[in-house]
Amino acid sequence: MIGNRMARLFARSVLSTLSVRGRTSGRLRSVPVAVLEHGGERYLIAPRGNTEWSRNLRAAKSGRLQRKGLIEEFEAVEVPTDERSPLIAVYLEQFGRFPTVAETFRQLPDPADHPTFRIVGSRSLR
């Protein structure tokens, strides 16, 4: 919770707001995320492990991203565990300087602990 608030303050230029329908409530839940762009694809990686947003995205298979006033809806496909390590390495290169990011990966070193989703089928709403 505190990390999300700090992220909004310190990393506005790289963060998007992810909104996903809750598994039980059906209400949109929002959280700041860093979208990894790599190899012509975009990914969402859960640095803090199996979080609520990652469980909601796994169940809903779709969500919304908002950044700089632009909103897009997308579908998500979970990346198999054996394909996550190179993506996590690039994520750490790009975002490891932000408070707590590198530390959480040190505490949870197994790629299986970090749900990772490929963003597919996106369309702009604004």
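## Salt bridge between Glu52 and Arg23

A salt bridge joins the side chains of Glu52 and Arg23, with an N to O distance of 3.1 Å; the term stands for a side-chain nitrogen of Lys or Arg within 4 Å of a carboxyl oxygen of Asp or Glu. Glu52 belongs to helix 2 (residues 52–60) and Arg23 to the loop between strand 1 (15–21) and strand 2 (28–38), so the bridge ties together parts that are 29 residues apart in sequence. Glu52 is partly exposed at a relative accessible area of 45%, and Arg23 is partly exposed at 41%. Here buried means under 20% relative accessible area, exposed over 50%, and partly exposed in between (1.4 Å probe, protein chains only). Arg23 and Glu52 are also linked with Arg55 in a network of salt bridges.

## Basis of the model

The model is predicted: local features need pLDDT of at least 70, side-chain atom pairs count only at pLDDT 80 or more, and totals for chains, interfaces and linings use all residues. Residues are numbered from 1 along each chain as its sequence is written, and side-chain values use heavy atoms, with hydrogens and water left out.

## Chain overview

The chain has 4 helices and 6 strands, where helices (H or I, at least four residues) and strands (E, at least two) are DSSP runs numbered from the N terminus. The order of the elements from the N terminus is α-β-β-β-α-β-β-α-α-β.

Of the 126 residues, 39% count as buried. Among contacts (heavy atoms within 4.5 Å) with a separation of 6 or more, 65% are between residues 24 or more positions apart.

## Salt bridges involving strand 5

The structure holds 8 salt bridges. In one of them, Arg42 pairs with Glu72, and their closest N and O atoms are 2.8 Å apart. Arg42 is in strand 3 (residues 41–45) and Glu72 in strand 5 (residues 70–78), so this pair links parts of the chain 30 residues apart. Arg42 is partly exposed at 23% relative accessibility, whereas Glu72 is buried at 15%.

Glu73 forms a salt bridge with Arg123, at 2.8 Å from N to O. Glu73 lies in strand 5 and Arg123 in strand 6 (residues 116–124), so the pair ties together parts 50 residues apart in sequence. Glu73 is partly exposed, with 23% relative accessibility.

## Aromatic pairs

There are 4 aromatic pairs in the structure. Rings of Phe, Tyr and Trp (its six-membered ring) pair if their centres lie within 6.5 Å; planes under 30 degrees apart count as stacked, over 60 as edge-to-face and the rest as tilted. Tyr91 and Phe105 make a tilted pair, 5.9 Å centre to centre with 55° between the planes. This pair links helix 3 (residues 84–95), which holds Tyr91, to helix 4 (residues 101–107), which holds Phe105, the two residues being 14 apart.

Both Tyr91 and Phe105 are buried. Ring pairs join Tyr91, Phe95, Phe98 and Phe105 into a cluster.

## Surroundings of Ser16

Ser16 is part of strand 1 and is buried, with a relative accessible area of 7%. Leaving aside residues up to four places away in sequence, Ser16 touches Val31, Pro32, Val33, Val35, Leu65, Gln66 and Arg67.
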